[in-house]
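Dear colleague,

Please find below the structure that I am handing over to you. My findings follow it, and I would be grateful if you would read them with the model open.

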Amino acid sequence: MLNITPETDNQTAKIHQVVTDAFGQIQEAELVDKIRNSPNFIPELSLVALENGDVLGHILFSRIVIETPKKIPALALAPLAVTPIHQRQGIGTQLVQVGLSRCRELNHSIVVVVGDPRYYRRFGFQKASQFGLHSSLPIPDEAFMVLELKPSALMNLNGNVCYPAYFNEV
Ligand SMILES: CC(C)(COP(=O)(O)OP(=O)(O)OC[C@H]1O[C@@H](n2cnc3c(N)ncnc32)[C@H](O)[C@@H]1OP(=O)(O)O)[C@@H](O)C(=O)NCCC(=O)NCCS
């Protein structure tokens with residue numbers, strides 16, 4: 001049975017391995033480590049998918065700022081990883097769904113993600129530019145998506161989402 005729970009200190013090496021294996025490169029695993037060592041890390045929102053104590057997947061939500069005339073706090077979902085032999089078994093879906101529930105419980109309002117719209121649309125993410133939101137990353141318009149966790153959180157919110165420098169290194 002799959003158990004989705006916040007990471008513990010003794011799981012960091014295993015998370016590094018799962019993320020490296022999922023992406024087939026080390027950059028996203030290093031991103032996890034950089035976020036963990038930054039003030040943007042929220043321990044309750046670094047979640048692992050466990051089966052019999054083994055880490056099969058990981059999702060991370062970290063603090064980010066939307067620059068409008070005011071600074072609006074939001075969360076960035078990144079990265080999401082499932083170990084290759086366990087992909088396409090619904091683990092990624094459960095990590096996103098449980099993760100978004102935790103974000104709501106912790107009273108967050110907005111989540112942004114960079115990824116494949118075919119995957120993230122099913123969770124309610126929409127193209128961010130429809131809401132006047134743009135990202136500081138050099139990515140295609142349709143790959144930058146947003147989800148509001150509270151009604152009207154995105155209303156009249158034109159602005160730029162400033163990804164911290166460590167995201168440029170991925
Ligand atoms: C993307 C990923 C997290 C999905 O996790 P998963 O447990 O395999 O996914 P699930 O079993 O919950 O969902 C499977 C669905 O996602 C789709 N899917 C899987 N990977 C996808 C991808 N990279 N892009 C688009 N769709 C994808 C499948 O086609 C399937 O769709 P269906 O339900 O319509 O058939 C996982 O495949 C992974 O770790 N990939 C490598 C790393 C990566 O690309 N992470 C995403 C960064 S944005």
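A residue is taken here to be near a molecule if one of its heavy atoms lies within 4 Å of that molecule. Please note that this is a predicted model. On that basis, 18 residues surround the ligand, and the closest are Val82, Arg88, Gly90, Gly92 and Thr93. By class, this shell consists of nine nonpolar, six polar and three charged residues.

A backbone N or O atom of Arg88 lies 2.7 Å from a ligand oxygen atom. For Gly90, a polar backbone atom is likewise 2.7 Å from an oxygen atom of the ligand. Gln87 contributes through its side chain, with a polar atom 3.4 Å from an oxygen atom of the ligand. On its own, the ligand has 860 Å² of accessible area, of which the protein covers 69%.

Arg88 also deserves attention for its backbone. This residue lies in the loop between S4 and H3, and its phi is near 60°, a positive value in a residue other than glycine.

The pocket

Where does the ligand sit? It is placed in the largest pocket. Two or more residues of the shell around the ligand come from each of helix H1 (12-23), strand S4 (71-82), helix H3 (91-105) and helix H4 (117-120).

The volume of the largest pocket is about 870 Å³. Its lining comprises 33 residues, and those closest to the centre of the pocket are Phe23, Leu80, Ala81, Tyr119 and Tyr120. At least two lining residues are supplied by each of H1, helix H2 (27-36), S4, H3, strand S5 (110-114) and H4. Which element gives the most to this lining? That element is S4, with seven residues. By class, the lining of the largest pocket has 21 nonpolar, eight polar and four charged residues.

A cis peptide bond

The peptide bond that joins Ala78 and Pro79 is cis, with omega at about -10°.

With kind regards

Definitions and conventions
Residues numbered from 1 in each chain as written. Predicted model: local features only at pLDDT ≥ 70, side-chain atom pairs only at ≥ 80, totals over all residues. Heavy atoms only, no water. Polar contact = N/O pair within 3.5 Å; in protein donor to acceptor, adjacent residues only side chain to side chain. Areas by Shrake-Rupley, 256 points an atom, 1.4 Å probe, with all protein chains shown as cover. 1 Å grid on protein atoms, 1.4 Å probe; cavity = no way out; pocket = protein on both sides within 12 Å on 5 of 7 lines; lining within 4 Å. Sits in = over half its atoms within 2 Å of the grid points. Helix = DSSP H or I, 4+ residues; strand = E, 2+ residues; numbered from the N terminus. Nonpolar A, V, L, I, M, F, W, Y, C, P; charged D, E, K, R; others polar. Points joined across faces, edges and corners; volume = space filled by probe spheres on them.
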